[in-house]
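Below are my notes on the two-chain model you sent.

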Amino acid sequence: MIDQKPFATTVLGIEASCDETAASVVSLDANGVPAIRSNAVLSQIADHAAFGGVVPEIAARAHVEALDGIIGTAMREAGATRDGIDAIAVTAGPGLIGGLIAGLMTAKALAAAWGKPLIPVSHLEGHALTARLTGQAEFPFLLLLVSGGHTQIVRVAGVGDYQRWGTTIDDALGEAFDKTAKLLGLPYPGGPEVEKAAATGDASRFALPRPLRGEARPDFSFSGLKTAVRQAATAIAPLSGQDVADICASFQRAICETLADRVARSLGRFRTEYPGVDEPVLVVAGGVAANRAVRATLESLCADQGFRFAAPPMALCTDNAAMIAWAGLERLRAGLTDETAMDVAPRSRWPLDEGSAPVFGAGKRGAKA
Amino acid sequence: MPRAALWATRFLMTLLAIDTAANLCAACLTDPVSGAVLGRVSRDIGKGHAEQLMDVIAEAMRHARVGYAGLTRLAVSVGPGSFTGIRVGVAAARGLALALDLPCAGITTLEALATEARALNPGRSVLAALDARRGEVYVQPFAADGTPLADPAAEAVADAARRVSTGMALCGTAAALLAEASGAADLARGPEGATADIATIAALAAARPVSGERPKPLYLRAADARPQEGFALPRKAESA
């Protein structure tokens with residue numbers, strides 16, 4: 001078949017690092033305009049709901065049997081053929097090792113059989129570069145990544161040029177939401193449930209801590225807040241529906257005030273380091289970006305500090321393969337490809353900024369965050 | 001391409017089999033009609049299959065002088081074995097099947113080991129048994145003609161030992177364990193590895209009718225996960 005090849009560059013992206021199996025075809029046309037030609041995502045939420053969180057072995061098993069189907073769907077929906085694909089990008093880390101292996105091996109097989117370059121991509125780099133796919137930010141900008149697995153603020157200055165300015169020293173923000181939900185008996189995934197309950201709650205009823213407030217270091221901490229929520233809730237158990245709503249509202253307010261305080265540090269640093277940038281941008285990514293209270297907090301913080309707030313559409317904020325295809329496409333065009341990609345091993349731990357010192361959880365597998 | 005060569009590539013059948021279910025990282029190319037092995041590579045690596053598999057396949061293809069475009073059928077060992085190893089192989093095989101639009105057969109390590117045991121011990125029925133740790137074995141019995149007598153299963157060693165009878169051939173990593181536990185007489189022993197030779201897996205696949213079914217891992221054990229209970233605080237009984 002002769003492919004018309006109307007696009008300058010087209011990359012197939014594959015993502016299986018947590019509990020979504022995803023594939024996407026992303027192109028850049030001759031004028032440099034990106035297009036998401038397909039974005040197929042298969043969520044495993046139902047498989048894990050009974051366990052109150054993602055079970056790695058269940059996730060790995062589901063990925064192996066879903067990947068080929070979801071890739072076929074993404075190719076069909078994009079109207080793409082093997083001849084129209086320039087490279088295959090895949091999440092090679094960080095994440096759950098079983099899913100990473102399944103995604104990486106599927107991608108290696110496709111790349112080998114089709115004779116295309118394989119581009120292993122960091123899941124975090126996918127999040128970092130999404131705002132360029134959506135045309136919402138130019139280098140340099142600040143990225144706030146808030147998900148179930150990550151909470152970090154990163155200075156993004158170019159493809160492959162990332163500097164982590166702040167990170168959580170214990171739990172991820174999404175994890176704090178999920179654990180609060182679990183404690184209160186709310187269903188999984190807990191983030192949206194906490195937000196729903198908070199809507200009818202009294203945010204001033206419980207005095208919860210604002211971890212690290214006022215400290216100069218730009219990091220995050222949520223473990224103490226989680227403990228405080230547990231103590232406050234345990235003290236008044238059994239809980240009424242209103243108790244649950246009040247705890248959620250108080251928790252969410254503590255989160256928002258903490259975020260505003262912590263993120264402000266990095267906004268100030270960005271202003272100092274990039275005085276020539278007229279309209280600096282804060283990009284938010286990750287599942288917690290769906291929380292309306294968090295979003296409103298960041299919007300008003302940005303307005304106060306003269307930053308533009310950019311949130312990619314939700315489908316591109318949560319785990320997806322369009323961001324992986326796009327990161328691969330950016331790497332391909334920047335010449336940042338790896339000749340030895342067929343031999344790479346997946347990395348459960350893979351800091352975006354390899355030069356940054358591990359804040360916690362550094363073991364033989366490397367820095368956790 | 002000269003016309004004769006084009007004809008040749010059209011009608012040559014080539015099967016690629018891969019195995020990463022246990023210690024080996026292996027690939028083999030055969031002519032599924034004649035059974036001839038065209039090229040093979042088998043590395044005893046224990047770990048690191050994800051890094052080495054594509055290189056193992058490429059090397060076997062160089063030996064066979066076959067490219068991906070020359071493949072007509074695929075096969076993969078689906079376990080039981082290492083969960084991670086099985087996934088490496090099955091994910092790669094399904095990726096190749098998708099990329100090349102080829103059928104792919106799933107072959108179990110138990111049937112492949114039993115096939116080798118029967119070849120070594122004609123006329124004997126076979127019990128294939130792999131050490132599954134935690135006091136269990138993965139086990140499957142076969143008649144002397146190769147017909148499976150039960151589905152593969154994970155069983156306690158004592159239960160599996162009751163399947164052993166006089167005159168049987170035992171194979172797999174748990175062969176010695178079950179021979180001793182059973183106390184049965186006149187037992188023959190087949191290959192005692194964790195997986196079979198890659199050419200055996202290819203031969204089994206070649207003999208299987210081509211189907212559109214995609215290979216699935218054979219874990220024989222549920223995922224290690226328990227529903228979380230007792231974590232949530234009690235709620236007041238409320239009338240709505």
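1. In chain B, strand 2 and strand 3 make a hairpin with 6 residues between them. B:Gly35 sits in the turn and has a positive phi of about 85 degrees. The two strands, residues 24-30 and residues 37-44, pair in the antiparallel sense over 7 bridges. B:Thr30 has B:Val37 of strand 3 of chain B as its bridge partner. Please keep in mind throughout that this is a predicted model.

2. Chain A also has a hairpin of strand 2 and strand 3, here with 4 residues between the strands. A:Gly32 takes a positive phi near 80 degrees in this hairpin. The pairing of strand 2 (residues 20-29) with strand 3 (residues 34-43) is antiparallel and runs over 9 bridges. Opposite A:Leu28 stands A:Pro34 of strand 3 of chain A.

3. A further sheet in chain A is open and is formed by 5 strands in the order 8-7-6-9-10, with mixed pairing. Strand 8 (161-167) and strand 10 (308-310) of chain A each have a single partner strand, so one side of each has no neighbour in the sheet. On average, neighbouring strands of this sheet are turned by 25 degrees against each other, direction ignored.

4. Within that sheet, strand 6 (residues 141-146) and strand 9 (residues 281-285) of chain A pair in the parallel sense over 4 bridges. A:Leu145 faces A:Ala285 of strand 9 of chain A across this pairing. Helix 4 (residues 123-133) of chain A packs on the sheet and touches strand 6, strand 7 (151-158), strand 8 and strand 9 of chain A. The direction of this helix makes about 130 degrees with that of strand 6 of chain A.

5. Which residues of chain A does the UniProt "binding site" annotation cover? The record, an unreviewed entry, lists A:His123, A:His127 and A:Asp319. They span 197 residues in sequence, but no two of their C-alpha atoms are more than 8.6 Å apart, so the three gather at one spot. A:His123 belongs to helix 4 of chain A. As the annotation is from an unreviewed entry, please cite it as such.

6. The unreviewed UniProt entry also carries the annotation "domain: Gcp-like" for residues 36-326 of chain A. In the model this span is 51% helix and 17% strand. Its end C-alpha atoms lie 9 Å apart.

7. Chain B has an open sheet of 5 strands in the order 8-7-6-9-10, again with mixed pairing. Its edge strands are strand 8 (153-156) and strand 10 (188-189) of chain B, each of which pairs on one side only. Strand 6 and strand 7 (residues 136-142) of chain B pair in the antiparallel sense over 6 bridges, and B:Ala128 stands opposite B:Gln140 in strand 7 of chain B. Helix 4 (residues 109-120) of chain B lies across strand 6, strand 7 and strand 9 (169-171) of chain B. It runs at about 130 degrees to strand 6 of chain B.

8. Most residues other than glycine have a negative phi, and most peptide bonds are trans. A:Leu212 is not a glycine, yet has a positive phi of about 65 degrees. A:Leu212 lies in the loop between helix 6 and helix 7 (223-236) of chain A. A:Tyr188 and A:Pro189 are joined by a cis peptide bond with omega of about -5 degrees, and A:Pro189 is in the loop between helix 5 (173-183) and helix 6 (190-198) of chain A. Another cis peptide bond joins B:Gly79 and B:Pro80, with omega of about 0 degrees. B:Pro80 is in the loop between strand 4 (73-77) and helix 3 of chain B.

9. The second largest pocket holds about 990 Å³ of space. Of its 38 lining residues, B:Gly81, B:Ser82, B:Phe83, B:Thr84 and B:Gly85 are the closest to its centre. Elements giving two or more residues to the lining come from both chains: helix 2 (56-78) and helix 3 (97-114) of chain A, and helix 2 (49-64), helix 3 (83-100) and strand 6 (126-131) of chain B. Helix 3 of chain B gives the most, with 5 residues. By type, the lining divides into 19 nonpolar, 10 polar and 9 charged residues.

Conventions
Residues numbered from 1 in each chain as written. Chains lettered and ligands numbered in written order. Predicted model: local features only at pLDDT ≥ 70, side-chain atom pairs only at ≥ 80, totals over all residues. Heavy atoms only, no water. 1 Å grid on protein atoms, 1.4 Å probe; cavity = no way out; pocket = protein on both sides within 12 Å on 5 of 7 lines; lining within 4 Å. Points joined across faces, edges and corners; volume = space filled by probe spheres on them. Nonpolar A, V, L, I, M, F, W, Y, C, P; charged D, E, K, R; others polar. UniProt positions renumbered as here; feature names shortened; annotations may be inferred. Pairing = 2+ DSSP bridges. Axes fitted to C-alpha atoms, helices over the stretch in contact; angles between N-to-C directions. Contact = heavy atoms within 4.5 Å.
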